[in-house]
Amino acid sequence: MSMTTHRIALIPGDGIGPQVIAAAWAVLQKAADKAGFKLLGTEFPWSCAFYKETGSMMPADGIETLRGFDAILLGAVGWPAEVPDSVSLHGLLLPIRKAFVQYANIRPHRLLPGVQGPLKAERFDILCIRENTEGEYSGAGGRVHQGTADEVAVETSIFTRTGVERILRFGFEQARARRGKLASVTKSNAQKYSMVFWDEITRHLASEYPEVEVTSYHIDAMAARMVMAPETLDVVVASNLFGDILTDLGAATQGGLGFAASANINPARDAPSMFEPVHGSAPDIAHLGIANPIATIWSGAMMLEHLGEKNAADAIMAAVEQATTSGIGTVPGKDKTEAITAAILAAL
Ligand code: GGG
């Protein structure tokens with residue numbers, strides 16, 4: 001019988017991206033060997049350096065090239081000293097999320113054993129789900145009279161019934177499969193069209209999921225709750241920008257961005273999903289060799305689970321937890337990337 005092979009597109013990107021991808025790939029390869037399947041990686045150099053050389057973040061046929069893979073593992077994008085962040089983000093990460101309809105960005109927040117978070121609460125397990133293809137990240141807008149006193153900048157958030165309904169439904173499904181609690185986040189007192197629309201759809205779908213306890217929160221109240229009472233939360237669903245901000249807060253509660261994993265999921269599975277740490281390229285530490293690879297390794301475990309390799313994904317997380325239990329990788333900047341990776345490989 002031939003061995004199952006998963007074809008993975010690797011996009012290390014900028015700054016610490018190549019370091020954390022190399023670490024995660026070594027761990028993924030070992031997990032695959034042990035579990036008896038193959039991961040076939042193809043690396044793409046798409047990054048700000050690629051932009052400086054070619055004038056674009058990826059080739060014109062980049063999306064079509066990626067379409068042939070089973071999944072994408074991405075490191076970090078951005079080198080603001082040379083390429084504006086708005087150019088790098090809109091040239092690579094956002095087009096992939098949109099083209100492959102990766103509308104659910106899943107970000108787990110919990111403390112790994114041995115990690116000291118900043119909160120009083122130590123036992124919380126939150127799954128944030130960020131809408132990933134529209135909302136405040138739609139890219140619709142423009143500027144007129146540029147550089148004059150009359151300049152106007154307009155950026156329109158776009159919320160469609162299809163987009164809002166599918167992300168909320170995804171949130172209800174996740175809550176049903178977990179502890180049965182869904183928090184839907186808006187700012188519908190201030191944003192009286194789009195966010196009232198979101199709240200209405202939340203209420204409408206609630207009748208289809210009587211077993212899920214759903215509560216609507218304003219984002220400011222949710223930010224406070226994630227700090228003061230994170231143990232009361234299960235699944236949190238929010239729009240693109242709100243979800244982005246809340247998940248940096250979530251990363252802080254779990255000890256820092258070095259622990260925050262994410263999955264950009266295409267639930268229909270008609271295009272590849274993409275897995276990436278929440279963090280960016282961290283230019284300030286890129287030359288130090290101290291990037292924490294755990295966020296990327298955890299994202300890699302989420303990728304294996306998505307590909308149907310749950311045992312290998314669980315083995316990776318057990319190895320990560322064994323390493324953090326012994327104090328490896330738990331304090332930002334203390335251990336080298338290589339030492340953290342070696343400890344996880346040894347545990348595996
Ligand atoms: N790990 C990919 C990366 O570089 N993320 C940083 C970032 O700024 N992402 C934009 C976003 O998710 O909104």
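**Surroundings of the ligand**

In this predicted model, the shell around the ligand takes at least three residues from each of domain 1 (1–103 + 256–348) and domain 2 (118–253), the domain bounds coming from an automatic or database assignment. Residues are numbered from 1 along each chain as its sequence is written, and side-chain values use heavy atoms, with hydrogens and water left out. Local features need pLDDT of at least 70 and side-chain atom pairs count only at pLDDT 80 or more, whereas totals for chains, interfaces and linings use all residues.

The ligand is surrounded by 16 residues, of which V77, Y137, E276, P277 and H279 are the closest; a residue is counted as near when one of its heavy atoms lies within 4 Å. By residue class, the shell comprises eight nonpolar, three polar and five charged residues, with Tyr and Pro among those classed as nonpolar and Gly among the polar ones.

A backbone N or O atom of G75 lies 2.9 Å from a nitrogen atom of the ligand, while an N or O atom in the side chain of R97 is 2.9 Å from a ligand oxygen atom. For Y137, a polar side-chain atom is found 2.8 Å from an oxygen atom of the ligand. Of the 370 Å² that the ligand exposes when taken alone, the protein buries 85%, the areas being computed by the Shrake-Rupley method with a 1.4 Å probe.

Notes. A polar contact is a pair of N or O atoms within 3.5 Å; within protein, one must be able to donate a hydrogen and the other to accept it, and residues adjacent in sequence count only if both atoms are side-chain atoms.
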